[in-house]
Amino acid sequence: MSPTQQLAIDLIARASVTPDDAGCQALLGKRLDRLGFKNTPLRFGDVDNFWAVYGDQAPLFVFAGHTDVVPTGEVDEWRFPPFEPTCDKGLLYGRGAADMKGSLAAMVTACERFLAKCPRPVGSIAFLITSDEEGPAVDGSVRVVDYLLENHVSVDYCLVGEPSSTKQLGDTIKNGRRGSLNGTLIIHGTQGHVAYPHLADNPIHKALQALDSLCKTHWDDGNDFFPPTSFQISNIQSGTGATNVIPMSLKALINFRYSTEQTAEGLQQQVEALLNDHQLSFTLDWNLSGEPFLTEPGALTAACAQAIQNTNGVVTQLSTSGGTSDGRFIAKTGCQIVELGPLNATIHQVDECVSLQDLDDLSVIYEQVLEALLS
């Protein structure tokens, strides 16, 4: 086993189901301590986080990631026990292998080699590590970022080790993410007997045209980096279960995945105006999961692209597709931020795995990014 592969194995062996870190951060911390990083543990609620820094000069380059993993599901469905990392035919199996303990291992070993060659980099390196990314994400990176802002820490570059690749290592870099806005919509009516509809007010009938209008609305055209804004109804509930009762209300869960062409406030106003146009009695509660962010092509994306091409000859593509990540919190620092990690084909699945060769290549890519920006 290479140093990167062995560290990944040691991390996967710890059953760190969110928000339990299970000792992963202590393991990482010891490796960073030996390199001279100053480690600040930051526990918020039930969540372990840490902020470790090497150097005190600008620019500041941050590796960001999470030690927590999603639950395994039915253990009997796995080829190998999910927390007993197993190598088979060039692949390393285990929960978190791709998302994202393999990336964490590659980050650490990349720093070990880089600092051995360049102990006084032109800038500083930091690690922002949480155990709350796969959970509610309320006491993890968002709280660490608040700590950084309160202490006037200026971040220039951030590389998040999320599994961004699709078919080959490095074929995709995430340089932004769409925002996610959730709504809980309740359409109010009047309950009654289906045989006497004039004495009732059916909220299902009232809601159909309004919901159809929302589905057919063209919100925007997107831009060079983002697709058009997407509106989806994910759940509808109504009725008492009886066939002869007009219900009192209809509840719908809605979601927007939106680009930098929109704001959460603007979308809320458009939806509420449309519902009012349909003369509905409604209650609508909003929850903003994350605002969109974008890193324009620049020094960080160029360094990543060149490192990928140098390592495995792949020409990378910039993308903002997919769900949310902790990048949405770190973007508040105003830094250039990208997500670059292994293949995402098996993440959150039974038999999650990562290529052993990809782990070593990823470490080399990370090392070359450090060389391009800090030497």
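The largest nonpolar core here has 53 residues, and Phe61, Phe63 and Phe127 have the most contacts inside it. Such a core is a set of buried Ala, Val, Leu, Ile, Met, Phe, Trp, Tyr and Cys residues joined through side-chain atoms within 4.5 Å. The model is predicted: local features need pLDDT of at least 70, side-chain atom pairs count only at pLDDT 80 or more, and totals for chains, interfaces and linings use all residues. Residues are numbered from 1 along each chain as its sequence is written, and side-chain values use heavy atoms, leaving out hydrogens and water.

- Another core, of 22 residues, lies apart from it and includes Val144 and Phe293.

**Aromatic pairs**
- The whole structure holds nine aromatic pairs, meaning Phe, Tyr or Trp rings (six-membered ring for Trp) with centres within 6.5 Å; planes under 30 degrees apart are stacked, over 60 edge-to-face and the rest tilted.
- Phe63 and Phe127 form a tilted pair, 5.4 Å centre to centre with 45° between the planes.
- Phe63 sits in strand β3 (residues 60–66) and Phe127 in strand β6 (residues 124–130), so their pair ties together parts 64 residues apart in sequence.
- Phe63 also pairs with Tyr366, with centres 5.6 Å apart and planes at 55°, so this pair is tilted.
- Tyr366 lies in helix α9 (residues 356–374), so its pair with Phe63 in strand β3 ties together parts 303 residues apart in sequence.

**Burial**
- Phe63 is buried at 0% relative accessibility, and Phe127 is buried at 2%.
- Buried means under 20% relative accessible area, exposed over 50%, and partly exposed in between (1.4 Å probe, protein chains only).

Key:
Helix = DSSP H or I, 4+ residues; strand = E, 2+ residues; numbered from the N terminus.
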